[in-house]
Amino acid sequence: MPLSIKAFFVVVALGIVFQLLGLIPLARTGIFFFGLKVIGPTAVITMISIIVLNFVLLAAVWRRLTWAWKFGIGLESIAVLTILLTIPRIPEIIARTIDQNIQNGTASQLYNSALSTSVLGMMLAVLLSLVFMMLLSHKRDYFVSTKGFFGKRLTNLFEEKKPRRHSKKRHKKRIKRHK
């Protein structure tokens with residue numbers, strides 16, 4: 001496995017761990033998905049779906065399945081689109097959070113630092129996702145497995161089995177035995 005694919009694998013695995021840790025408070029706090037805030041059981045179901053898709057990606061990368069790089073680019077594209085649609089809502093989110101937690105004169109300084117940190121973190125995530133998309137596209141030749149997701153060969157999956165041919169001698173012996 002190339003080093004760059006290993007790095008991608010580790011980052012996705014760590015992302016799954018952090019997503020699992022974030023499931024507990026998720027129903028109360030909610031998440032943003034395609035720029036919309038999702039709260040309650042819907043947020044938990046959305047996050048579990050994302051975790052399952054990431055597990056599928058890890059398994060496909062591990063098995064070197066031919067569609068793994070396309071699937072990875074698709075998941076990273078969804079992540080980038082979600083972040084880009086959420087960025088315009090950041091000032092509103094931070095202002096609401098500061099109003100709920102602080103009622104003194106330092107709110108504007110806290111607002112500015114939180115805003116710049118949030119946008120910087122989201123831009124870093126977008127940059128990392130774009131790097132991973134380029135990596136998967138560049139290393140697509142690595143994904144060449146002819147085995148399916150559960151280990152069955154795809155090349156033999158739809159072929160009919162040919163009947164076994166026996167020698168004439170063996171065939172005569174079988175007929176005598178059954179008489």
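# Exercises on a predicted helical chain

Thr 82 is found in helix α4, which covers residues 68-86. Helices (H or I, at least four residues) and strands (E, at least two) are DSSP runs numbered from the N terminus. The model is predicted, so local features need pLDDT of at least 70 and side-chain atom pairs count only at pLDDT 80 or more, while totals for chains, interfaces and linings use all residues. Residues are numbered from 1 along each chain as its sequence is written, and side-chain values use heavy atoms, with hydrogens and water left out.

**Exercise 1. Determine whether Thr 82 is buried or exposed, and list the residues that it touches.**

Step 1. Apply the thresholds: buried means under 20% relative accessible area, exposed over 50%, and partly exposed in between (1.4 Å probe, protein chains only).

Step 2. Thr 82 has a relative accessibility of 10%, and therefore counts as buried.

Step 3. A contact means heavy atoms within 4.5 Å. Leaving aside residues up to four places away in sequence, Thr 82 touches Phe 32, Phe 33, Phe 34 and Gly 35.

Step 4. Other buried residues of α4 include Trp 69, Ile 73, Val 80 and Ile 83.

**Exercise 2. Classify the ring pair Phe 8 and Phe 132, and state which helices hold its members.**

Step 1. Rings of Phe, Tyr and Trp (its six-membered ring) pair if their centres lie within 6.5 Å; planes under 30 degrees apart count as stacked, over 60 as edge-to-face and the rest as tilted. The structure holds five aromatic pairs.

Step 2. For Phe 8 and Phe 132 the ring centres are 5.0 Å apart and the planes stand at 75 degrees, so the pair is edge-to-face.

Step 3. Phe 8 lies in helix α1 (residues 3-21) and Phe 132 in helix α6 (residues 107-138), so the pair ties together parts that are 124 residues apart in sequence.

Step 4. Phe 8 is buried, at a relative accessible area of 0%, and Phe 132 is buried, at 8%.

Step 5. The rings of Phe 33 and Phe 34, with centres 4.7 Å apart and planes at 70 degrees, also form an edge-to-face pair. Phe 33 is partly exposed at 25%, and Phe 34 is partly exposed at 31%.

**Exercise 3. Identify the rings over which Arg 64 and Arg 140 lie.**

Step 1. A charge sits over a ring if NZ of Lys or CZ of Arg is within 6 Å of the ring centre and within 35 degrees of the ring normal.

Step 2. Arg 64 lies over the face of Tyr 142, 4.3 Å from the ring centre. The charged end of Arg 140 sits over the ring of Trp 69, at 5.4 Å from its centre.

**Exercise 4. Describe the largest nonpolar core.**

Step 1. A nonpolar core is a set of buried Ala, Val, Leu, Ile, Met, Phe, Trp, Tyr and Cys residues joined through side-chain atoms within 4.5 Å.

Step 2. The largest core has 31 residues, and those with the most contacts inside it are Ile 5, Phe 8, Val 61, Leu 136 and Phe 143.

Step 3. The elements giving two or more residues to this core are α1, α3 (41-62), α4 and α6. Its largest share, seven residues, comes from α3.

Step 4. Among the residues that Ile 5 touches are Val 61, Leu 136 and Phe 143.
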